Amino acid sequence: MRQYSVVKIKSLKKDFTHAEKIIGSRLPKVGDVGTIVEVYGEAFDIECSDENGITIWLEIFEPGDADLELLYI
């Protein structure tokens, strides 16, 4: 997977928690589709947006945080 790849969350292996610095209106959930906006070695910033382009959530995913399905490269 690389920057701008589109992925779907198949399962979550980490409990994401809401904090003041979190961007968006809710936490990631199974079935969400997002775009990898930045790559940090093996970690990714993934953003999920609504149909108007408004960020639903933006999170850093470390290896092992979730099972991701690659939809588009």
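**Entry 1: aromatic pairs**

I searched the whole structure for aromatic pairs and found two. The model is a predicted one.

I looked at F16 and F61 and noted ring centres 5.0 Å apart. Their planes lie at 50°, so I logged the pair as tilted. F16 and F61 are both buried.

I went on to W57 and F61, which form a tilted aromatic pair, with 5.8 Å from centre to centre and 50° between the planes. Both W57 and F61 came out as buried.

**Entry 2: salt bridges**

I ran a search of the whole structure for salt bridges, and it gave two.

I took D67 and K13, whose closest N and O atoms are 3.2 Å apart. This pair links distant parts of the chain, 54 residues apart. D67 belongs to strand β6 (residues 66-72), while K13 is in the loop between β1 (6-12) and β2 (23-24). For accessibility, I have D67 as partly exposed at 32% and K13 as exposed at 54%.

I then took D32 and R26, whose side chains form a salt bridge at 2.9 Å, N to O. R26 has a relative accessible area of 26%, so I put R26 down as partly exposed.

Technical notes: Residues are numbered from 1 along each chain as its sequence is written. This is a predicted model: local features need pLDDT of at least 70, side-chain atom pairs count only at pLDDT 80 or more; totals for chains, interfaces and linings use all residues. Side-chain values use heavy atoms; hydrogens and water are left out. A salt bridge is a side-chain nitrogen of Lys or Arg within 4 Å of a carboxyl oxygen of Asp or Glu. Helices (H or I, at least four residues) and strands (E, at least two) are DSSP runs, numbered from the N terminus. Buried means under 20% relative accessible area, exposed over 50%, partly exposed in between (1.4 Å probe, protein chains only). Rings of Phe, Tyr and Trp (its six-membered ring) pair if their centres lie within 6.5 Å; planes under 30 degrees apart count as stacked, over 60 as edge-to-face and the rest as tilted.
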